[in-house]
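Q: Hi, could you walk me through this one? I'm new to it.

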Amino acid sequence: MFYPLYALASQFSPEPKSSGIEVLEADNFRMNCLQTLTGVKFMVISDPKQSGIDGLLHRIYELYADFALKNPFYSLEMPIRCELFDEHMKSALEHSEKLGISNV
Amino acid sequence: MSSNKQRPSILDKSLSRGKSEVSMTAYALLFSEMVQYSHNRVQSVSDLHNKLSELGERVGVRMVELLFVRERNYKRETKLLNVLLFVKGTLWKSLFNKEADKLDRATDDERTFYLIEKEALVNRFISVPRDKSSINCAAFMAGVIQAVLNCTGFPAKVTALWHKGTTFMIKFDDAVLIRDKQLEGR
């Protein structure tokens, strides 16, 4: 659903070599997106006032590369059901929430 | 003429040991592929452990020779406790750059020893799915230990268990115990 939107956005952009949608802001939420060199997209939906999401997105990319891709029991394109990934995600989210809200 | 004396030729330098480090990511991806390869060719959990163990044995056989030449100065171990300390210390240090956490003897059976490792390096990125929770990829390490013990003359069977982290249960053959007792008696 989002993939065609991103493809369109990168074509429509007035500047050449655009990378697609990075931040989508609405009244109640903001959606951040990180597109990697391989085309994998990480999306985070958060409060509009939250800061530090870019760091969080990079951290999530790291966690994905570590605990999902190196896990022999994970098949690509499937929902990620890896314990270690979930644990580290939880602590990364808590960490980011603690930092983000104090910067408001 | 004069340039020959300034730089030592490569034949004059001693054999270098090479870099003993490998990127963790490279190893993790290779190991993940090994597990997947074995997983696709077996039907049961114990077969998977056996396959990983066999892969580990090939590593163990080569490590034994290398370590005794480099670290132990061509002398081989003859006592049971010494060979176990060799596994715990030297082997672990050369593979993982740290010693194994604990080495225990079973209270009820004198042929069985437990080598405990709280967080096995091989399992660092692996999360086993709930429905297959008995799979332990440390079976690869168990194969390495088994090959090391078999090649040094202390035949044993090593299995990996989920206990206090990862525990390797080492069970020696009777002949080994008898021989060790005779050595001590002398």
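Q: Which helix gives the most to the lining of the largest pocket?
A: That's α3(B), with seven residues. Helices here are DSSP runs of H or I with at least four residues, strands are E runs of at least two, and both are numbered from the N terminus. A pocket is an open set of points on a 1 Å grid over the protein atoms alone, with protein on both sides within 12 Å along at least five of seven lines; lining residues have an atom within 4 Å of a point.

Q: Before we go on, what kind of model is it, and how is it labelled?
A: It's a predicted model, where local features need pLDDT of at least 70, side-chain atom pairs count only at pLDDT 80 or more, and totals for chains, interfaces and linings use all residues. Residues are numbered from 1 along each chain as its sequence is written, chains are lettered from A and ligands numbered from 1 in the order in which they are written, and side-chain values use heavy atoms, with hydrogens and water left out.

Q: Back to the pocket: what volume does it have?
A: The largest pocket has about 1100 Å³, a volume being the space filled by probe spheres set on grid points joined across faces, edges and corners. It has 30 lining residues, and the closest to its centre are B:Ser20, B:Val22, B:Ser94, B:Leu95 and B:Phe96.

Q: Which helices of chain B each supply at least two lining residues?
A: α2, α3, α4 and α5 each do. By type, the lining divides into 17 nonpolar, five polar and eight charged residues. Nonpolar covers Ala, Val, Leu, Ile, Met, Phe, Trp, Tyr, Cys and Pro; charged covers Asp, Glu, Lys and Arg; the others, Gly among them, are polar.

Q: Tell me about α5(B). Is it largely enclosed or open?
A: It is largely enclosed by the rest of the structure, because eleven of its 13 residues are buried. Buried means under 20% relative accessible area (1.4 Å probe, protein chains only). The buried ones include B:Phe140, B:Met141 and B:Leu149.

Q: And what covers them?
A: The cover includes α2, α3, α4, β2, β3 and β4 of chain B. Just after α5(B), B:Gly153 takes a positive phi of about 95°.

Q: Zooming out, how many helices and strands does chain B have?
A: Chain B has six helices and four strands, running α-α-α-α-β-β-α-β-β-α from the N terminus. Its C-alpha trace spans about 70 × 50 × 25 Å along its principal axes, and buried residues make up 39% of its 186 residues.

Q: And what about chain A?
A: Chain A has three helices and three strands, in the order α-β-β-β-α-α from the N terminus. Of its 104 residues, 33% count as buried.

Q: New topic: how many cavities of 30 Å³ or more are there?
A: There is one, and the largest cavity has a volume of about 50 Å³. A cavity is a set of grid points where a 1.4 Å probe fits but cannot get out.

Q: Which residues line it?
A: A:Lys70 is one of them, and chain B residues there include B:Tyr27, B:Phe31, B:Arg124 and B:Phe125. The lining divides into eight nonpolar, no polar and two charged residues.

Methods
Buried means under 20% relative accessible area, exposed over 50%, partly exposed in between (1.4 Å probe, protein chains only). Contact means heavy atoms within 4.5 Å.
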